[in-house]
Amino acid sequence: MRVKTAALIAAATIGIAIAENVVELEWNITYTTANPDGLFERQVIGVNGGWPPPAVNLTEGDRVIIKTTNHLTEGTSLHAHGMFQNNTNHMDGPVGVTQCAIPPNGSFTYNFTVDQVGTYWIHSHAKGQYPDGLRSPFVIHAKNETHGASYDQDITIPLSDWYHTPIIDLNKRFMSLANPSGAEPVPKSALMFDTQNATLAFSPGKTYRLRFVNMAAFAAFHVWIEGHTMRVIEVDGVDTEEYETEGISLTAAQRVSVLVTARNDTGGAAFPIVGAMDTDMFDTVPSDLNPNVTSYIIYNNYSTSADDLPTPALLDAFPPFDDTQLVPSIPLAPYNGDHNITLDVLFDVLADGSNYAMFNTQTYLTPDTPPIFTAMTTGANATDPSLYGSATNSFVVPYLVGVEMVINNYDAGKHPFHLHGHTFQVLGRSSEDAGPYDPSNIAFSQPIPANPMRRDVIQVPPNGHVLLRFFSDNPGVWLFHCHIEWHILSGLVAQIIEAPLQMQERLVIPSFVSDECAAQQISTSGNALGNTGSRLYDFKGYHSGPGFLPAGFTAKGYVGMVMSVVSAFLGMGVICWYGITEVKEAAEEAAAAEAEGEKVDGVAVVREL
């Protein structure tokens, strides 16, 4: 890492020089091998030949430059999760949305100023890569910390689930005829500090800021420290008033900072820090899965031998933690709900036999033209959501209004939803099984607070709902998606096209961003298909994904049909062989046609995110 100070000249009307600290990083994204759970060595995606990738630590106001070179065999990207990217929407990272993939042997320079503070992380936003290892904490230290006088040391603790098989291979079965119920692959283990049984030295009487970062693909975590209490002081980059608790919970992509004061009465001792995956989210819990990961707080050079470290105590229930009770340190009254967006979360088997995730009955498909370019090149028509493609779940939001988002979860699972480019206010969250939001009969347990909790990831309860609001002061194209990686891959994604006319006035996209697309023959103008001028509203050939099954089919029924077919195949011998071969050849032909850019009816476009 290279750090230097650059003198930047302010606007002529100001006429003064402003010193800006510049942090330069060189990230060569490479394959390597790792065995972090001690169970299986596998190929992972690392940085500069090593794994885990280095944590990024910055100071408020720094300009960070990440010179990224792709040494993988497929495209990649980087997304600094939680960064607002004011006037740098093209640095946000999701492939097919704000940039094209960095191709093999290609490079891309991320360059933006961090005018926020708090705990974030950086990860690939391409083809489900980050669970294969391309993710790391991204922390921005305030020049004047809100709680800086309250602690002596600052420690970042990454959490994650861990798979032994590459995501691209797991996804082939996840999105297939063999999995009509949509059961997500269950991780093989859990990690803390990117390992297991890590130790952390505490000095009696000192107070520590522990920044927990959940970088999991799927699992939420419950976290507690035996013999110690926690005081929450930050979530997702938003400082909060101190909130004492026996434990915390973090969905995938959430971050929580806590203060922990070391004991004075321990002598030499070790106390477990336990991270327990929320197995309620798993369709099945394998008998050989250990859902917990443990690290240890060590006092006075206590032995770190595995034989001497204590076994965590069993709990009857996880410590309760309700993040909606947190109070931001900087008060902000609820925004008005001037502009409304309702998203219904649905899962269903579609006509190709796979189980898809959907908002409002539409699964997300990557458009031919990244929507940042559609917004920038279509003039006054950029406010028309149809130009972004019917399969992109695009919502155009006007400038400087309060945007109310209602998320109705019609699924029996929990979902962590993330909004790029903003934090949102959480005005309320229902209990489980409360059903969809009804403004005349709000099922929230508490009234809307005067200073609602703010964050950038919120868990929506099973068969319940949340009410969110944000202020549209950041022109750009911002994704809203479930942060369970399996659900991104299966289409639980929407696009907020925020103030596109103001985008055209303010955003300056460097030529290398569009050149990267042009080199891959990807359109950088016009509608979702790349049509411009008199053909701006021409969507002939546009593919909106598989249709629905005939009425009466359900996932359960589909399983029954598939099993019947399998049983029949078992009795068909040679006929079965030829039938499978024909299906395989047809699939290969379709894949080849897609690779050549053809639109194939009934074949879903691979999501680039």
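**Cysteines**

I looked up the S-S torsion of Cys100 and Cys517: it is about 105 degrees, so the disulfide is right-handed. The two partners sit in distant parts of the chain, 417 residues apart. I found Cys100 in the loop between strand S6 (79-81) and strand S7 (107-113), and Cys517 in helix H5 (residues 511-518). Their S to S distance is 2.1 Å; the cut-off for a disulfide is a pair of cysteine sulfur atoms within 2.5 Å. I searched the whole structure and got one disulfide.

Buried or exposed, for Cys100 and Cys517? Both are buried, where buried means under 20% relative accessible area, exposed over 50% and partly exposed in between (1.4 Å probe, protein chains only). I checked Cys482 too: its relative accessibility is 0%, so Cys482 counts as buried.

**Ground rules**

This is a predicted model, so I note that local features need pLDDT of at least 70, side-chain atom pairs count only at pLDDT 80 or more, and totals for chains, interfaces and linings use all residues. Residues are numbered from 1 along each chain as its sequence is written, and side-chain values use heavy atoms, with hydrogens and water left out.

**Whole chain**

I get seven helices and 31 strands for the protein chain, taken as DSSP runs numbered from the N terminus (helices H or I, at least four residues; strands E, at least two). Of its 609 residues, 55% count as buried. I also looked at contacts (heavy atoms within 4.5 Å): among those with a separation of 6 or more, 77% are between residues 24 or more positions apart.
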